[in-house]
Amino acid sequence: MNTADIVIVGAGFAGAATAFHLARRGAGKIVVLEREAVPGYHASGRNAALGFTSIDEWEAATLAQEGLAFIRGEASTLAKRPLFRDCGSLLVASVPQTAGRLQSLVTRLPEGAAWWDASEAVRAVPVLAESDAIGGLWSPGDAVVDIHGLLQVYIQEARARGAQILFSAPVCSVKVAHGKIAEVHTPSGAWSCGTLVNAAGAWASELGRLADSPVPPLQPRRRHLFIGKPGFAVDPHWPFVWHADVDTYFRPEGDGLLLSPCDATPHPAVEPRTDEHAKLLLAEKLMRAFPRLMTMSIAQGWACLRTFARDERFVIGRDPAVQGLVWVAGLGGHGMTSSYAAGRLGAAAALRDWSEELAWFDPARLVGC
């Protein structure tokens, strides 16, 4: 029987960032178990890399801003190269009510954020000329992130401080004795531990079930991303543009555009396949949101799973019934940007540091819902 102080399941952003913080705090012997042969194989390696902070929910926005500051600062220093590309974001609206909601976010964003009217938005991104947008929220501090570089920073720093990361190590069972985490079993061996961190992404509910947790299932949802080739030159300095009323976005990617129809189809926790209907959804949304992109040809596409709690808040904290089980899951579409802060909170929960900040994300809120 192998022994560890803390076992973390999942080496994506949630698990790797938690290992990063725990190792920095000298939390003892830390072992990360990753079911795949490489880290970030699923959502952590297939997202749109949007360092996005214009979030309505203040608690989540705060984590995203903290995470993006880390990416711009310490993470890039550790990587010895910038892990971000400055571009800013433009969140546009076509309905006055939505425009008012976005304008209210300006004072909560870092310095430089502003509300642009339609003419200002078109000057910045000419492809918006035929859009029905009445204006947009400009956030110059947002960026496109090197997601693989960021994940490696977490992993390398955790390893440098003694954390052990094992790949091709899916968890097949969890032993709970007298209401406490006791052992975690994989096909290649078992680990005794006092704390188990559930950072399993789309598989978080499966791990919770193995540990007899009462936390209700989190829901994986499939999202598609596409690379398109428009019939005009793409300016690589454009911001990423998100239509808040139609719910679709694009950003420069090479000489083309990366786009998403922002689909959120419930999906089992298995490898998602691309669905041709997602292309039709994208075309329908582009026709309403960004008509000038309608002539674009699609070069490639892929899908990933984003995982949500019922109330769509993050799930970070100690399990309400199983002693030693800690959740860092349900990060939805903000896992990459918020990973540094989510990992900090996950490490705090694992070390029994309680705070009002953790209370908002407490898994206990979901029990009995």
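User: What is a salt bridge, and how many salt bridges does the count come to by this rule?

Analyst: A salt bridge is a side-chain nitrogen of Lys or Arg within 4 Å of a carboxyl oxygen of Asp or Glu. By this rule the count is 19 salt bridges. This is a predicted model, in which local features need pLDDT of at least 70 and side-chain atom pairs count only at pLDDT 80 or more, while totals for chains, interfaces and linings use all residues. Residues are numbered from 1 along each chain as its sequence is written, and side-chain values use heavy atoms, with hydrogens and water left out.

User: Which residue forms a salt bridge with aspartate 146, and where in the chain do the two lie?

Analyst: Helices (H or I, at least four residues) and strands (E, at least two) are DSSP runs, numbered from the N terminus. The partner of aspartate 146 is arginine 81, with the closest N and O atoms 2.7 Å apart. This pair links distant parts of the chain, 65 residues apart: aspartate 146 lies in the loop between β9 (143-145) and α6 (147-160), and arginine 81 in the loop between α3 (58-79) and β5 (84-86).

User: Is glutamate 36 buried or exposed?

Analyst: Buried means under 20% relative accessible area, exposed over 50%, and partly exposed in between (1.4 Å probe, protein chains only). Glutamate 36 has a relative accessible area of 19% and is therefore buried. Its salt-bridge partner is arginine 35, with the closest N and O atoms 3.7 Å apart; arginine 35 is partly exposed at 37%.
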